Amino acid sequence: MNTVTTGIPAGTPGAVWLDEALAGVARDPDSVTRAFAFAARRVGRAPLRPDTDPGGVVHGTVDDAARAALVVALADAVGVGMGMGTCVGADADKDCADRLVLLYRQGDGAERRGVLRGFDALTERGDLGPVGEPTALVTAGLELAADALRANDPSLVAAAVGPFGARHLDQHTWRHAILKLVFQGVSLTAASDLDRRADDELGRMARDFAAERRAAGRSVPADLDRLTNTRLTNDQPTNDRLSSTKE
Amino acid sequence: MRILDPHIHMTSRTTDDYEALYAAGVRAVVEPAFWLGQPRTSVGSFTDYFDSLLGWERFRAAQFGVRHHATIALNPKEANDPRCREVLAEIPRYLLKDGVVAVGEVGYDSMTPEEDEVFAAQLGMAEEAGLPVLVHTPHRDKLAGTRRTLDVVRESGLAPERVLVDHLNETNVALVRDAGAWAGFSIYPDTKMDEHRMVALLQEYGTERMIVNSAADWGRSDPLKTVRTGEAMLAAGFSEDDVDQVLWRNPVAFYEQSGNLVLDPVPGFSAGEPPTPGVEFEGSSVLRGARA
């Protein structure tokens with residue numbers, strides 16, 4: 001079952017298009033390429049949670065969600081999750097992994113986010129198997145997450161620290177991803193399972209970052225509180241816009 | 001003044017330019033794929049460049065409130081290098097992408113048989129993808145090149161209203177208008193065309209199917225030449241509505257034939273606020289953009 005919530009009202013042209021595209025992928029997995037490219041033009045680009053995330057950076061956009069649903073449909077179409085632990089299951093995982101890597105590599109920024117959000121949906125559905133025994137799909141997801149975490153576009157970084165990243169990224173990579181969110185000014189609500197994975201080393205990194213910002217006379221992002229045991233406050237409030245224009 | 005710059009190579013420009021563009025009323029741009037000064041030697045250089053136009057540059061523009069679009073093609077100069085020509089196999093998949101509003105720049109540089117072949121092949125790809133075409137006219141032997149361009153377009157069967165022939169001047173504008181195509185003018189500090197000659201052409205030919213761009217790139221150029229042309233039009237007695245037609249409605253009408261223009265304001269962007277990291281929004285930091 002496709003469990004992705006897209007927020008597209010039923011019966012609208014966007015919802016009708018997505019239903020047809022999902023059915024199309026079930027019939028012909030290759031059709032996902034075109035559906036991926038056209039998703040935003042058909043369902044729109046609105047943020048999923050406009051009240052707190054007007055740019056759709058933290059929680060993603062309607063087209064991100066539509067693409068995640070297409071990824072789930074693709075996984076179903078090639079048989080992911082049906083023969084877990086068997087050769088058939090491994091073949092399906094490999095096929096799906098190859099297709100998702102290609103979608104990502106040949107995708108624009110939004111399509112890349114869609115693939116990453118698709119890995120989140122597969123993770124939440126329990127399709128990726130236990131941690132510690134990486135399947136071809138998990139290995140592919142980690143390769144793409146690493147690519148996204150190198151990007152300068154914060155929406156890609158945010159999309160790499162959802163449920164998949166929280167479950168599968170190694171601790172070093174995950175810590176750097178979290179600090180990069182703070183550095184880029186993206187709310188830490190983008191990160192799944194933050195409290196479970198945060199450790200003393202991340203706390204140390206966050207405190208050092210805060211000290212560096214204070215030394216520069218700059219404000220300390222409020223989100224850093226979530227990473228440190230000591231409550232950090234801005235001793236000398238400054239206006240970033242006047243004091244600094246560039247990282 | 002609201003402006004869509006239908007031809008500007010923002011990859012070669014700074015963030016100061018983006019701020020100046022927004023402040024002057026430029027809300028959308030189209031960046032045609034072109035050569036980079038230094039010749040490319042492999043397909044990978046092209047695909048990284050195309051990906052950058054559709055990924056990083058779109059993100060960069062959005063940080064400054066500007067909607068960024070692209071046109072994709074193998075340019076005529078590099079069509080002469082067999083190492084580059086292999087990129088033709090990759091172009092159709094790019095033409096499906098969000099924000100790709102035309103095939104371009106295609107056309108002629110030195111008018112070689114290779115350029116003929118690549119031009120015709122890409123006109124076919126435009127037809128297949130349902131996209132209009134942005135055509136570059138040669139810097140040398142421009143009049144002959146324009147004639148040959150229009151012949152090739154006619155032979156392709158592509159409707160002339162789906163073709164924008166660019167970098168025109170006093171000598172070839174009539175040819176293009178008579179063929180039924182859109183006439184594009186690149187306003188430069190000291191070459192191609194300037195804003196006062198442009199005003200004279202608008203007085204002679206009217207404002208229908210006339211399009212003005214800055215074509216700003218890595219050479220000596222000025223991204224605000226669209227604005228300067230609008231100001232020169234007003235000074236010469238054209239109305240605000242005439243300026244709006246030339247600088248906004250005409251390029252919108254041309255590229256809207258792609259069904260792929262996005263012109264609503266960038267969500268989350270606040271005018272007049274420079275991109276700064278860590279801006280507070282309802283208690284949590286949200287993106288205004290930062291380098292990492």
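A residue counts as buried when its relative accessible area is under 20%. His167(B) has 4% relative accessibility, so His167(B) is buried. The model is predicted.

His167(B) sits in the loop between strand 6 (163-166) and helix 8 (173-178) of chain B. Asp141(B) belongs to the loop between strand 5 (133-136) and helix 7 (142-156) of chain B. Most residues other than glycine have a negative phi.

| Residue | Phi |
|---|---|
| Asp141(B) | near 55 degrees |
| His167(B) | about 60 degrees |
| Gly237(B) | near 100 degrees |

Gly237(B) follows helix 10 of chain B. Most peptide bonds are trans. Gly104(B) and Glu105(B) are joined by a cis peptide bond, with omega about -10 degrees. Glu105(B) is placed in strand 4 (residues 100-107) of chain B.

**Strand 2 and its partners**

How many residues of strand 2 (residues 26-32) of chain B are buried? Six of the seven are. Strand 2 of chain B runs parallel to strand 1 (residues 3-5) of chain B, joined by three bridges. Asp5(B) pairs with Val29(B) there. Val30(B) has His69(B) as its bridge partner.

**Helix 10**

Buried residues of helix 10 (residues 225-235) of chain B include Val227(B), Ala232(B) and Met233(B). Among the elements covering the buried residues of helix 10 of chain B are strand 1, strand 2 and helix 11 (240-255) of chain B.

Terms used. Residues numbered from 1 in each chain as written. Chains lettered and ligands numbered in written order. Predicted model: local features only at pLDDT ≥ 70, side-chain atom pairs only at ≥ 80, totals over all residues. Heavy atoms only, no water. Buried < 20%, exposed > 50% of the residue type's maximum accessible area, 1.4 Å probe, protein only. Helix = DSSP H or I, 4+ residues; strand = E, 2+ residues; numbered from the N terminus. Pairing = 2+ DSSP bridges. Contact = heavy atoms within 4.5 Å.
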